[in-house]
Amino acid sequence: MTTAATLGPEHLAFVRGGVSIIVAARDGQNETTVSRAVGCRVADDGRRITVFLSAAQSGVLLADVRANGVIAVVFSQPTSHRAMQLKGTDAVIAPIEAGDPHLLAEYRQRMAAEVAPLGYSEAFVRAFLQASPGDLVAVAFTPSAAFVQTPGPNAGARLEARS
């Protein structure tokens, strides 16, 4: 059984924001596979995170998740470099829900607003984070550990839940 990491409201708001999402898994020899997520869904209680990937771009990573359920996801705010990492050991391929396409469209809008000051257009962000409905795969997991990944003296420290 996986023990859930405690994420406070501030952390859940961050994960739901305009953040870059990078997903990593590993194979049986501990070789890492990495892919960019095109959005995420957070359960209302914050205990389950679902990341969305392009199947065409994430085939090896998805095979690794299917084989062992180990996952690490980094959420990073481009304008500040604030970042956090969530790890889990129970990742599974999950069904796409009816509201997910709308959720992903909202994510692209938040991400476009986040990177606009850096010179990236909304059209670029839409294209960069696009996955056709037939190519979209959901991977759900329970965060069992959470870490600060913002560059600086606290990078790598366990995340402390704040209310």
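E97 and R41 meet in a salt bridge, with their closest N and O atoms 3.4 Å apart; the term means a side-chain nitrogen of Lys or Arg within 4 Å of a carboxyl oxygen of Asp or Glu. This is a predicted model, in which local features need pLDDT of at least 70 and side-chain atom pairs count only at pLDDT 80 or more, while totals for chains, interfaces and linings use all residues. Residues are numbered from 1 along each chain as its sequence is written, and side-chain values use heavy atoms, leaving out hydrogens and water.

**Salt bridges**

- By this rule, the count comes to 5 salt bridges.
- R41 also pairs with D100, the closest N and O atoms being 2.8 Å apart. R41 lies in strand β3 and D100 in helix α3, so this pair ties together parts that are 59 residues apart in sequence. (Helices, H or I with at least four residues, and strands, E with at least two, are DSSP runs numbered from the N terminus.)
- R41, E97 and D100 are linked in a network of salt bridges.
- R41 is buried, with a relative accessible area of 17%, whereas E97 is partly exposed at 44%. Here buried means under 20% relative accessible area, exposed over 50%, and partly exposed in between (1.4 Å probe, protein chains only).
- D90 and R48 join their side chains in another salt bridge (3.0 Å, N to O).

**Helix α2**

- In helix α2 (residues 59-68), the buried residues are L61, L62, D64 and V65. Seen down the helix axis, they fall within an arc of 155°, so they line one face of α2; the arc is that of the directions from the axis to the C-beta atoms.
- On the other side of α2, V60, R66 and A67 are exposed.
- The cover over the buried residues of α2 includes β1 (20-26), β2 (32-36) and β4 (49-54).
- G69 follows α2, and its phi is positive, near 70°.

**Nonpolar cores**

- I21, V23, V51 and F75 touch the most other members of the largest nonpolar core, which has 36 residues. A nonpolar core is a set of buried Ala, Val, Leu, Ile, Met, Phe, Trp, Tyr and Cys residues joined through side-chain atoms within 4.5 Å.
- Helix α3 (residues 100-115) gives this core its largest share, 4 residues.
- Apart from it lies another core of 8 residues, among them L104, A131, L136 and A138.

**A buried strand residue**

- T50 lies in strand β4 and is buried, with a relative accessible area of 4%.

Definitions and conventions: Contact means heavy atoms within 4.5 Å.
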